[in-house]
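Trainee: Hi! Could you walk me through this one? I'm new to it.
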Amino acid sequence: MSENKTVKYHIPEQGIYLYARTSEGKTEMIVLNSTDREQVLPSSHYQALTKETKEGKVVSTGKKIDFTQNLTLSARQSLVIEF
């Protein structure tokens, strides 16, 4: 049986929710924009989760995400990023 660990991260900032789940050495970071407008999430907001990791991959599309850059989220967008 695998062990799952859920980590809540930060009080929602400007309507953006961010948390991560780690299992079997892999981490999934979930990012939710709960607003009706595009938002920019500063990279400094999620660096405590990504630590030394420089990039991740969006699970649904395979798109690479550069963790050293700010993340732009469309209105009501959600992402699951694996690293």
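This is a predicted model: local features need pLDDT of at least 70, side-chain atom pairs count only at pLDDT 80 or more; totals for chains, interfaces and linings use all residues.

Trainee: Good to know. How many aromatic pairs does the structure hold?
Mentor: There are 2 aromatic pairs. In one of them, the ring centres of Tyr46 and Phe67 are 5.9 Å apart and the planes sit at 65°, so this pair is edge-to-face.

Trainee: Where do Tyr46 and Phe67 lie?
Mentor: Tyr46 belongs to helix α1, residues 43-50, while Phe67 is in the loop between β6 (64-66) and β7 (71-73). The pair therefore ties together parts that are 21 residues apart in sequence.

Trainee: Are those two buried or exposed?
Mentor: Both Tyr46 and Phe67 are buried. For Phe67 the relative accessible area is 2%, and the cut-off for buried is under 20%.

Trainee: And what about the rings of Phe67 and Phe83?
Mentor: Their centres are 5.2 Å apart with planes at 75°, so that pair is edge-to-face. This one also links distant parts of the chain: Phe67 in its loop between β6 and β7, and Phe83 in the segment after β8 (78-82), 16 residues apart. Through these ring pairs, Tyr46, Phe67 and Phe83 are joined into a cluster.

Trainee: Nice. Changing topic: how many residues has the largest nonpolar core?
Mentor: It has 15 residues, and those with the most contacts inside it are Met29, Val31, Tyr46, Leu71 and Ile81. At least two core residues come from each of β2, β3 (26-33), α1, β7 and β8. The largest share, 3 residues, is supplied by β2.

Trainee: What does Met29 touch?
Mentor: Leaving out residues up to four places away in sequence, its contacts include Tyr46, Phe67 and Phe83. Among the others are Leu18, Leu49, Leu79 and Ile81.

Trainee: Ile81 again! How far apart are Lys57 and Ile81?
Mentor: They are 24 residues apart in sequence, yet 5.3 Å apart in space from C-alpha to C-alpha. Lys57 is in strand β5, residues 55-58, and counts as partly exposed at 36% relative accessibility. Besides Ile81, Lys57 touches Gly62, Lys63, Val80 and Glu82, not counting residues up to four places away in sequence.

Trainee: Which residues form a nonpolar patch on the surface?
Mentor: Tyr17, Tyr19 and Leu32 do, with about 250 Å² of accessible area together. Tyr19 is in strand β2, residues 16-23, and is partly exposed, its relative accessible area being 33%.

Trainee: Last topic: how many salt bridges does the structure hold?
Mentor: It holds 3 salt bridges. As a general point, side chains of opposite charge can pair when their charged atoms come close.

Trainee: Which residue does Glu28 pair with?
Mentor: Glu28 forms a salt bridge with Arg21, and their closest N and O atoms are 2.2 Å apart. Glu28 counts as buried at 19% relative accessibility, whereas Arg21 is partly exposed at 37%.

Trainee: And how far apart are N and O in the bridge between Asp36 and Arg76?
Mentor: Those side chains meet at 2.9 Å, N to O. The two are 40 residues apart, with Asp36 in the loop between β3 and β4 (39-41) and Arg76 in the loop between β7 and β8. Asp36 is exposed at 64% relative accessibility, and Arg76 is exposed at 53%.

Trainee: What about Glu55 and Lys64?
Mentor: Their side chains meet in a salt bridge at 3.8 Å, N to O. Glu55 is partly exposed at 43% relative accessible area, and Lys64 counts as exposed at 54% relative accessibility.

Notes. Residues are numbered from 1 along each chain as its sequence is written. Side-chain values use heavy atoms; hydrogens and water are left out. Rings of Phe, Tyr and Trp (its six-membered ring) pair if their centres lie within 6.5 Å; planes under 30 degrees apart count as stacked, over 60 as edge-to-face and the rest as tilted. Helices (H or I, at least four residues) and strands (E, at least two) are DSSP runs, numbered from the N terminus. Buried means under 20% relative accessible area, exposed over 50%, partly exposed in between (1.4 Å probe, protein chains only). Patches are made of residues with over 30% relative accessible area and no salt bridge: like charges are joined within 9 Å, nonpolar side chains (Val, Leu, Ile, Met, Phe, Trp, Tyr) within 5 Å. Accessible areas come from the Shrake-Rupley method with a 1.4 Å probe; for residues, only the protein chains shown count as cover. A salt bridge is a side-chain nitrogen of Lys or Arg within 4 Å of a carboxyl oxygen of Asp or Glu. Contact means heavy atoms within 4.5 Å. A nonpolar core is a set of buried Ala, Val, Leu, Ile, Met, Phe, Trp, Tyr and Cys residues joined through side-chain atoms within 4.5 Å.
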